[in-house]
Amino acid sequence: MENATIIDFLIPDFSEKILLVDESADILTLIVDSSAAKNIIRTLKEQLNFFFLTDLCGIHYPEQEKELGVIYHLHNLLDNKRIRIKAFVTKENPQVESLTDIFSGANWMERETYDFYGIEFTGHPNLKRILNVDYMDYFPMRKEYPLEDATRTDKDDKFFGR
Amino acid sequence: MNNDDNKNSIEEPKSYNTLNLGPTHPATHGIFQNVLTMDGEKIVDAEQTIGYIHRAFEKIAERRAYYQITPLTDRMNYCSSPINNIGWHLAVEKLLGVETNKRIDYMRIIAMELARIADHLVCNSVIGVDSGALTGFVYVFQEREKINEVYEELCGARLTTHLGCIGGFERDITPKAISKIRTVMKSLPKVLHEFENLLMRNRIFMDRTINVGGISAERALNYSFTGPCLRAAGVDYDVRVMEPYSSYQDFDFVVPVGQNGDTYDRFCVRQTEMWESIKLINNALENLPEGKFNMEVPAFFMPPKEQVYSQMEPLISHFKKVMGEIDIPAKEIYQAVEGGNGELGFYIVSDGGRTPYRVHFRRPCFIYYQAFPEMVRGALLSDAILTLSSMNVIAGELDA
């Protein structure tokens with residue numbers, strides 16, 4: 001299956017919802033509108049045999065208007081074709097539709113993404129933290145939480161490019 | 001109204017018991033909890049709680065240079081660390097656009113297949129233990145010990161191996177290592193045969209594992225299963241065949257598949273995979289090409305220590321690499337390898353800095369352990385124990 005086949009298939013229905021097509025990455029990457037992400041993935045699954053959800057994770061770009069992103073990796077096992085879908089949301093309204101009714105495997109992946117980035121998956125049956133403790137009141141993988149304590153003065157490694 | 005209906009109508013509503021299996025229970029082989037709702041000895045529902053050893057590897061990785069992330073990968077699936085290490089190295093090489101030569105590829109295949117054997121030996125012998133057969137476990141561990149000795153010879157470590165480096169290996173495979181591998185390859189078939197004789201046609205073992213913890217191919221795919229758990233359900237998906245890496249395409253090997261997706265099939269798939277791994281290792285050893293054992297990746301290849309201690313240029317180069325003054329392309333990649341448990345994926349987003357902007361590890365058992373309640377509903381407690389061990393849930397990989 002060629003990249004062009006996938007793009008041609010999606011364009012008539014989702015032309016306004018596909019914001020960017022990137023073929024320079026290792027696999028075909030689409031940046032889509034977060035409101036249409038689920039529909040696009042459902043179409044890919046039902047019409048183009050991308051029935052395997054390989055991976056789902058979050059990412060944070062603090063300098064962007066829509067800071068938080070969800071990255072889906074789908075796999076068409078019949079044609080051995082992978083595709084990457086990205087959808088971005090704002091930090092104030094971090095909502096994306098849950099894929100749990102399409103892929104049972106999305107359940108924990110979405111919980112992990114919620115746990116790390118605070119992205120809310122609407123329609124998720126049990127959206128609560130999975131790896132961190134329940135009473136944690138922040139989302140640790142966001143970039144505003146540096147790994148090391150910023151108040152420490154005994155460690156200064158700015159000369160080492162960090 | 002017959003008597004039976006009458007009886008039902010006056011019966012009290014059923015009350016269920018709650019049973020905590022774990023977090024530290026000998027039968028879970030790791031730190032994770034299962035809260036089981038029990039109707040007598042039958043499981044009505046299960047809920048898992050994980051995260052007891054979560055170490056925030058993805059966050060830590062964002063602060064580390066690429067070569068410093070290898071020790072984090074060791075600690076995911078610690079039963080087969082070399083696969084994790086080499087998978088990470090392959091991912092970074094893909095990011096850098098480095099191609100390795102055949103000698104490195106074959107050496108990697110040897111290390112990875114040894115790791116697969118070690119992983120499957122542990123998993124399958126533990127299935128035996130959970131069904132009450134301790135002998136096999138003790139017996140096959142001698143072979144695992146020999147494999148650990150091979151790692152020791154290859155890289156100096158046994159469990160958290162940190163095997164190899166970006167671009168190949170730190171040192172060449174030594175004649176002593178080759179002789180140790182040959183020793184394992186000679187003794188392992190006999191051990192595997194005896195282990196199979198002990199369990200595979202054993203009436204008790206078959207009764208305890210056949211039709212226990214089964215899952216259909218359709219459900220397994222929907223749950224994003226990979227590896228032996230998916231193949232046991234009858235889906236012929238192996239990353240080594242679908243997207244060959246490290247010259248796997250040079251070798252002929254069979255990908256075993258099961259039919260029912262139950263505990264017995266998972267056991268048999270792993271057992272057959274070990275035979276295939278033996279073939280692969282023997283082939284790779286026999287055809288091991290001559291050549292360099294490290295591709296001198298400019299950004300990562302550390303100069304030999306004797307030069308660092310005696311010459312200025314290697315010293316500067318060493319310093320620059322350790323401090324990360326290197327050019328990494330700003331792009332994103334996904335690299336998958338066939339781990340002991342299934343598709344182990346590394347998703348790296350690089351912004352060109354010395355550390356990755358974002359790393360995500362696709363840990364196979366994190367993804368498929370969520371199917372556990374579905375697989376044990378209606379089963380006995382003792383079946384749940386066997387299902388759990390046959391899924392090969394490794395706490396380090398689960399929590400990362």
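User: Which helices and strands each supply at least two residues of the lining of the largest pocket?
Analyst: They are α3 (106-117) of chain A, together with β4 (33-39), β5 (42-49) and α16 (372-376) of chain B. Helices (H or I, at least four residues) and strands (E, at least two) are DSSP runs, numbered from the N terminus. A pocket is found on a 1 Å grid over the protein atoms alone: it is an open set of points where a 1.4 Å probe fits, with protein on both sides within 12 Å along at least five of seven lines. Lining residues have an atom within 4 Å of a point.

User: Before we go on, what kind of model is this?
Analyst: This is a predicted model, where local features need pLDDT of at least 70 and side-chain atom pairs count only at pLDDT 80 or more, while totals for chains, interfaces and linings use all residues. Residues are numbered from 1 along each chain as its sequence is written, chains are lettered from A and ligands numbered from 1 in the order in which they are written, and side-chain values use heavy atoms, with hydrogens and water left out.

User: Back to the pocket. What volume does the largest one have?
Analyst: About 630 Å³. That volume is the space filled by probe spheres set on the grid points, which are joined across faces, edges and corners.

User: Which element gives the most to the lining?
Analyst: β5(B), with five residues.

User: How does the lining split by class?
Analyst: The lining of the largest pocket has 11 nonpolar, 11 polar and eight charged residues. Ala, Val, Leu, Ile, Met, Phe, Trp, Tyr, Cys and Pro count as nonpolar, Asp, Glu, Lys and Arg as charged, and the others, Gly among them, as polar.

User: New topic: aromatics. How many aromatic pairs are there over all chains?
Analyst: The structure holds 22. Rings of Phe, Tyr and Trp (its six-membered ring) pair if their centres lie within 6.5 Å; planes under 30 degrees apart are stacked, over 60 edge-to-face, the rest tilted.

User: Why is the pair of B:W88 and B:F346 edge-to-face?
Analyst: Because their planes are at 65°, with the ring centres 5.9 Å apart. B:W88 lies in helix α4 (residues 81-96) of chain B and B:F346 in strand β7 (residues 343-349) of chain B, so the pair ties together parts that are 258 residues apart in sequence.

User: Is B:W88 buried or exposed?
Analyst: B:W88 is buried, at 0% relative accessibility. B:F346 is buried too, also at 0%. Buried means under 20% relative accessible area, exposed over 50%, partly exposed in between (1.4 Å probe, protein chains only).

User: And what about B:F137 and B:F141?
Analyst: Their pair is tilted, at 4.6 Å centre to centre and 40° between the planes. They are four residues apart in helix α6 (residues 134-155) of chain B, so about one helical turn separates them. B:F137 is partly exposed at 23%, and B:F141 is partly exposed at 26%.

User: Which aromatics form one cluster with A:W108?
Analyst: B:F32, B:F366, B:Y369 and B:F372. The charged end of B:R363 sits over the ring of B:F366, 4.5 Å from its centre. Elsewhere, B:R240 lies over the face of B:Y248, at 5.8 Å from the ring centre. A charge sits over a ring if NZ of Lys or CZ of Arg is within 6 Å of the ring centre and within 35 degrees of the ring normal.

User: Helices next. How far does α4(B) reach?
Analyst: α4(B) has 16 residues and reaches 23 Å from first C-alpha to last, close to the 22 Å expected. The expected span is 1.5 Å times one less than the number of residues. In α4(B), 15 of 16 residues are buried. B:G97 follows α4(B), and its phi is positive, near 75°.

User: And helix α12 of chain B?
Analyst: Helix α12 (residues 263-286) of chain B has 24 residues and spans 35 Å, close to the expected 34 Å. It is mostly covered, with 18 of its 24 residues buried.

User: What's in chain A?
Analyst: Three helices and seven strands. Along the sequence the pattern is α-β-β-α-β-β-β-β-α-β. Of the 162 residues of chain A, 56% count as buried.
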